Amino acid sequence: MYGWIWRHLPGNAGVRALISIVLVLAIVYVLFQYVFPGRSRCFRSTM
């Protein structure tokens, strides 16, 4: 899967690495902003 993504990104290796980092950061942002807060109700701490 990662090879497929790498082959389909435009540019040379430096540009591909930069785009990959931006994509990973965008995915992490979406997870922390929209996915994990909705799931936090299921995992309340009793401490």
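1. Does His 8 count as buried or exposed? His 8 counts as exposed, because its relative accessibility is 51%, where exposed means over 50% relative accessible area, buried under 20% and partly exposed in between, with a 1.4 Å probe and protein chains only. His 8 lies in helix α1, which covers residues 2-8, and a polar atom of its side chain lies 2.7 Å from the backbone oxygen of Trp 4.

2. On the basis of these values, please note that this is a predicted model, in which local features need pLDDT of at least 70 and side-chain atom pairs count only at pLDDT 80 or more, whereas totals for chains, interfaces and linings use all residues. Residues are numbered from 1 along each chain as its sequence is written, and side-chain values use heavy atoms, with hydrogens and water left out.

3. The protein chain has two helices and zero strands, these being DSSP runs (H or I of at least four residues for helices, E of at least two for strands) numbered from the N terminus. Of its 47 residues, 2% count as buried, and the chain exposes about 4,500 Å², of which carbon and sulfur atoms supply 71%; such areas come from the Shrake-Rupley method with a 1.4 Å probe.

4. Helix α2 spans residues 13-39 and contains Ile 27, which is exposed, with a relative accessible area of 52%.

5. The count of aromatic pairs comes to one, a pair being rings of Phe, Tyr or Trp (its six-membered ring) with centres within 6.5 Å, counted as stacked when the planes are under 30 degrees apart, edge-to-face when over 60 and tilted otherwise. The rings of Phe 32 and Phe 36 have centres 5.1 Å apart and planes at 80°, so this pair is edge-to-face. Phe 32 and Phe 36 are four residues apart in helix α2, and are therefore separated by about one helical turn. Phe 32 counts as exposed at 55% relative accessibility, whereas Phe 36, at 40%, counts as partly exposed.

Notes
A polar contact is a pair of N or O atoms within 3.5 Å; within protein, one must be able to donate a hydrogen and the other to accept it, and residues adjacent in sequence count only if both atoms are side-chain atoms.
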